[in-house]
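Biologist: Hi! Could you walk me through this model when you have a minute?
Modeller: Happy to, let me bring it up.

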Amino acid sequence: MDDLLERYKWSIAFWAVQLIGWGGITYIGYLFTPNLEGFKQTSFFLFSLWAGLAIGLTCTGLLRAYLKRNILLDRFDSKQLWKILAAIVVGGLVYGGLSYGSGFLIRFADLEKDKVPDIYKEFGIGYILFNSFIIVTVWTLLYMSVKAVFKLNADRLERAELNATLRQAQLNTLKGQINPHFMFNSLNNIRGLMLEDVDKSREMLTKLSEMLRYSLTKSDSNAIALEEELEMVDHYIALSKIQLENRLEYRKEVDADTLSISIPPMIIQLLIENATKHGISNLKEGGMIVLKARKVGAELCITVTNTGKLQIAKDSTRLGLKNIRQRLRLLYGDRATFSLEEEGGEVVTNVKIPLTWVQ
């Protein structure tokens, strides 16, 4: 919703600038046109001004739509440059063609043509195209320059916001290590388990200490092997099963060729924790969590599915999900995707990251 409002805001700003810019050019054209024999009061001249304004807005609006869809500043290369040059050529031809066509229409309509001085009656197609290419080129350079400046500024703000979020997440982790809900539950459950199975309780204490060590040592890393992350996920599931018992079922379908792939740490851990905390633990009869990891083309696809409905508590900060989205965006740009949806009584989380690691 916020992204939609942001795009809507920038769209309004763009068209406002367009109207001001083209309106200003039209007004300047009106001011500096010599009023020979009352030419500026003729329908011919006024129609020309309005036609120029409409053509300018239409052509640059279409040009902007093309550039927005096809030019990616995140990975600008020679192909992108050729696309811009092609857009300028096509845009210039369209602008020039429409301008010449409107002039022909005006002459054909014979709008007070008898009142038009000879100096204004004929403009060659070469002259019109030359002016059109200049206008389209200048407009394109201005548009791409403004877009690049806003992109750099947005990246700077995004990095600052991400750093602040990560710092807050680290603070929350440190606070959680002192008095965490999960650790208290796990310790209490392990204490109860000691009366039944001492060896099992000792094993669970080892898993809990491994998880705490992992959160301390890996929180500052940018990449770990998928296999290492999955080991911590197994520890988390084992500890959660002490409390949830048979209410929690867990299945893992991980292709062997994905185990050595590097991923950002805590990504899957947070997904599994979210599925357990907001999904399975809220169901009286319990449910299942299924983790899948596979390579599809040049991407690693990670899917976490859990029984339940997509419900976010009102007091939830959603810090974990925001953290995942922001880290993926910073590390991979637009090449990584994250989605959280409800499908047929299940909550499905999909993460796709490129196999080429970006530092």
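Modeller: Let's start with a turn: S6 and S7 form a hairpin with two residues between them, and Gly-344 in that turn has a positive phi of about 55°. Keep in mind that this is a predicted model.

Biologist: Good to know. How many bridges hold S6 and S7 together, and in which sense do they pair?
Modeller: Strand S6 (residues 337-343) pairs with S7 in the antiparallel sense, over seven bridges. Ser-339, for example, has Asn-350 in S7 as its bridge partner.

Biologist: What other strand is joined to S7?
Modeller: That would be S5 (residues 299-307), which runs antiparallel to S7 (residues 346-354) with nine bridges. Within that pairing, Val-304 stands opposite Thr-349.

Biologist: And how does S4 run relative to S5, parallel or antiparallel?
Modeller: Antiparallel, with eight bridges joining S4 to S5. Val-290 has Thr-305 in S5 as its bridge partner. These two strands also make a hairpin with two residues between them, where Gly-297 takes a positive phi near 65°.

Biologist: Where does S2 come in, then?
Modeller: S2 is joined to S4 by seven bridges, and those two strands run parallel. Leu-248 is paired with Gly-287 of S4 there.

Biologist: Let me zoom out. How many helices and strands are there?
Modeller: The protein has ten helices and seven strands.

Biologist: What share of the residues is buried?
Modeller: 35% of the 359 residues are buried.

Biologist: On to packing. Which residues have the most contacts inside the largest nonpolar core?
Modeller: That core has 43 residues, and the ones with the most contacts inside it are Ile-268, Ile-272, Ile-289, Leu-291, Leu-328, Phe-338 and Ile-353. Helix H8 (residues 226-244) gives the largest share of this core, with nine residues.

Biologist: What does Phe-338 touch?
Modeller: Leaving out residues up to four places away in sequence, its contacts are Leu-271, Leu-321, Ile-324, Arg-325, Leu-328, Thr-349, Asn-350 and Val-351.

Biologist: What about another core, apart from that one?
Modeller: There is one of 17 residues, with Ile-55, Leu-63, Ile-88 and Met-144 among them. As a general point, nonpolar side chains in soluble globular proteins tend to be buried together.

Biologist: Which residues make a nonpolar patch on the surface, then?
Modeller: Val-89, Val-90, Leu-93, Val-94 and Leu-98 do, and together they have about 400 Å² of accessible area. Leu-98 lies in helix H3 (residues 78-109). Its relative accessibility is 40%, so Leu-98 counts as partly exposed.

Biologist: Switching to charges: how many salt bridges are in the structure?
Modeller: Seven. One of them is between the side chains of Asp-234 and Lys-252, at 3.0 Å from N to O. Asp-234 lies in helix H8 and Lys-252 in strand S2 (residues 248-254), so the pair ties together parts that are 18 residues apart in sequence.

Biologist: Buried or exposed: how does Lys-309 count?
Modeller: Lys-309 is exposed, with a relative accessible area of 51%. Glu-342 counts as partly exposed, at 38% relative accessibility.

Biologist: Last one: which residues are linked in a network of salt bridges?
Modeller: Arg-251, Glu-253 and Lys-292 are.

Methods:
Residues numbered from 1 in each chain as written. Predicted model: local features only at pLDDT ≥ 70, side-chain atom pairs only at ≥ 80, totals over all residues. Heavy atoms only, no water. Core = buried A, V, L, I, M, F, W, Y, C linked by side-chain atoms within 4.5 Å. Buried < 20%, exposed > 50% of the residue type's maximum accessible area, 1.4 Å probe, protein only. Helix = DSSP H or I, 4+ residues; strand = E, 2+ residues; numbered from the N terminus. Contact = heavy atoms within 4.5 Å. Patch = residues over 30% accessible without salt bridge, like charges linked within 9 Å, V, L, I, M, F, W, Y side chains within 5 Å. Areas by Shrake-Rupley, 256 points an atom, 1.4 Å probe, with all protein chains shown as cover. Salt bridge = Lys/Arg side-chain N within 4 Å of Asp/Glu carboxyl O. Pairing = 2+ DSSP bridges.
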